[in-house]
Amino acid sequence: MVIQFKDKEAEYKEWCGTHKDGYVFNRAGGPTGNVLHVVSCWHLNVPSRKGTYTTRYPKYCSNNLNDLMEIVEEISKPNSWRECTACLKNTKGLA
Ligand SMILES: [Zn+2]
């Protein structure tokens, strides 16, 4: 299951707090803006950005990486997406 958070800061924060091993796809658009993160990534925990994480760009969250992978391609159109080099590439990586 994938949940979309747009202009839902409280719900998004709550979800991250209860899904610490989850995945967050930041749909910022453009050629470099669509990025897949793990919940604990520092990019998602910048103090100055707190409170605006879902108002600036929608987030697509899931505990199940496979579920998220099924839609990232589609929701990233007309651009592509990438894995965050700070969290995914260094820690878990994708199989
Ligand atoms: Zn990241």
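The model I am showing is predicted. I will start with the overall layout. The chain has three helices and five strands. Read from the N terminus, the order of these elements is β-α-β-β-α-β-α-β. The radius of gyration is 12 Å, close to the 12 Å that the globule rule gives for 95 residues, so the chain is as compact as a globular protein of that length. Along its principal axes, the C-alpha trace spans about 30 × 25 × 25 Å. Of the contacts with a separation of 6 or more, 71% join residues 24 or more positions apart.

Next, the sheet. In what order do the five strands of the open sheet lie? The order is S1-S4-S2-S3-S5, and the pairing is mixed. Strand S1 (3-5) and strand S5 (82-83) are the edge strands, and each pairs on one side only. S2 and S4 are antiparallel to each other, with four bridges between them. Phe-25, for example, has Tyr-60 in S4 as its bridge partner. Helix H1, residues 9-18, lies across S1 and S4 and runs at about 135° to S1.

In soluble globular proteins, nonpolar side chains tend to be buried together. Here the largest nonpolar core has 16 residues, and among those touching the most other members are Tyr-23, Phe-25, Leu-36 and Cys-84. Strands S2 (23-27), S3 (34-38) and S4 (59-62) each supply at least two residues of this core.

Which residues does Leu-36 touch, leaving out those up to four places away in sequence? They are Tyr-23, Phe-25, Val-72, Trp-81, Glu-83, Cys-84 and Leu-88. Over the chain as a whole, buried residues make up 23% of the 95.

Conventions:
Residues numbered from 1 in each chain as written. Predicted model: local features only at pLDDT ≥ 70, side-chain atom pairs only at ≥ 80, totals over all residues. Core = buried A, V, L, I, M, F, W, Y, C linked by C-beta atoms within 7 Å. Buried ≥ 20, exposed ≤ 12 C-beta atoms within 10 Å, placed from the backbone. Contact = placed C-beta atoms within 7 Å. Rg over C-alpha atoms; globule rule 2.2 N^0.38 Å. Pairing = 2+ DSSP bridges. Axes fitted to C-alpha atoms, helices over the stretch in contact; angles between N-to-C directions.
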